[in-house]
Amino acid sequence: MENRPNVNVAAIGPEEVPVIDLSGDIERIVEEVGNACKEWGFFQVINHGVPLHLLEAMKETSKEFFDQPMDEKKKAKRDEVNPVGYHDGEHTKNVRDWKEVYDFLIDDSTLIPASPDPDCQELRTITNPWPENPSQFRVVCQEYAGEMEKLAFKLMEIICLSLGLPGGRLKGYFEEQTSFLRINHYPPCPFSDLTLGCGRHKDFDFLTVLAQDDVGGLEVKRNGKWVPVKPDPTALIINVWSNERYKSAEHRAVVNGEKERYSIALFLVPSHHVMVKPLEELVSEKDPPKYLPYNWGKFYATRNRSDYKKQNVDNIQIHDFRVPN
Ligand SMILES: O=C(O)CCC(=O)C(=O)O
Ligand SMILES: [Fe+2]
């Protein structure tokens, strides 16, 4: 039942995901972001600095890409070796999603561990399999990624400030970032009351910046109910992850019976060698670490290996590293 769209959906209106204006007084912004992270772990931003014409161009070129015949899309396909590119068989929590995606790395040449095996030190370089068509696809994606990246790092700074840390406290962990973007295309679905476009999940990254079109479908879990996020193609949705000082919100995307829908996520993730663990400044005897350290690159390599087929177990998740109470 957890995977059905119509169960436990909140009425529209009384509770809405916070909307934060990123222009103006920095102290106000820091306070609003801190509160939204504590209360929701999810918020929308407006006046974010990403040019609206670029958001539109990105949607257009994405549509042109996905409208192509399957043979053409498969030329830019991801596979067991290369975890980025076109893919239409994603599973969230072992249930197949009603969507197709194109993933691309911010850094065209990104280092990751060659294997999930903790004893293997070998690294390999992964690169984006850019499609030849549409011809402007690559340029638009790269320009878009550059703007989104600037915004993601600005938000990282604001989040650090809101935690009482220096703004640049986390930047160093992202020098050889493995961050990537994902274009989600949800075709119209004749079984929209039975199927989800993207099953319930928490993102695995430090921070996600999500753009969506005007169709709607994104929902965030709040006090046991699914709250729909008002679709606004000019706003961006931010979703954070932290050591439980801030919430990491569960969310999902429902599909539409008639309309297709696009969303584009940037997942901000660190360099492959970074050990992810609670920051020393945020733990104390009274507030001990809630998570065990884990190597980001190995986590990424493990997930990529298991993304392809339906597994007998759930995919590796951050909560696998949670310290038992
Ligand atoms: O399409 C959406 O609104 C959500 C997508 C999402 O949560 C994801 O790609 O992680
Ligand atoms: Fe997500």
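With which residues is Val 209 in contact, leaving aside its neighbours within four places in sequence? In this predicted model, those residues are Met 148, Leu 151, Ala 152, Leu 155, Leu 236, Ile 237, Ile 238, Ile 264, Ala 265 and Leu 266.

**Nonpolar cores**
- The largest nonpolar core comprises 55 residues, and Tyr 102 and Val 209 have the most contacts inside it.
- Helix α4 (residues 137-162) supplies the largest share of this core, namely 14 residues.
- Another core, of 29 residues, lies apart from it and includes Ala 10, Val 276, Trp 296 and Phe 299.

**Sheet and helices**
- Eight strands form an open sheet with mixed pairing, in the order β1-β2-β14-β11-β16-β9-β6-β3.
- At its edges stand β1 (19-21) and β3 (85-87), each of which pairs on one side only.
- Strands β3 and β6 (residues 100-105) run antiparallel and are joined by 3 bridges, with Gly 85 opposite Asp 103 in β6.
- Helix α2 (residues 52-66) packs on the sheet, and its direction makes about 110° with that of β16.
- Helix α4 also packs on the sheet, touching β2, β6, β9, β11, β14 and β16; the direction of α4 makes about 130° with that of β11.

- Because Asp 203 lies in the loop between β10 and β11 and His 251 in strand β15, the pair ties together parts that are 48 residues apart in sequence.
- Asp 203 and His 251 are both buried.

Key:
Residues are numbered from 1 along each chain as its sequence is written. Chains are lettered from A and ligands numbered from 1 in the order in which they are written. This is a predicted model: local features need pLDDT of at least 70, side-chain atom pairs count only at pLDDT 80 or more; totals for chains, interfaces and linings use all residues. Side-chain values use heavy atoms; hydrogens and water are left out. A nonpolar core is a set of buried Ala, Val, Leu, Ile, Met, Phe, Trp, Tyr and Cys residues joined through side-chain atoms within 4.5 Å. Buried means under 20% relative accessible area, exposed over 50%, partly exposed in between (1.4 Å probe, protein chains only). Helices (H or I, at least four residues) and strands (E, at least two) are DSSP runs, numbered from the N terminus. Contact means heavy atoms within 4.5 Å. Two strands pair if DSSP finds at least two bridges between them. Axes are lines fitted to C-alpha atoms, for helices over the stretch in contact, and angles run from 0 to 180 degrees between N-to-C directions.
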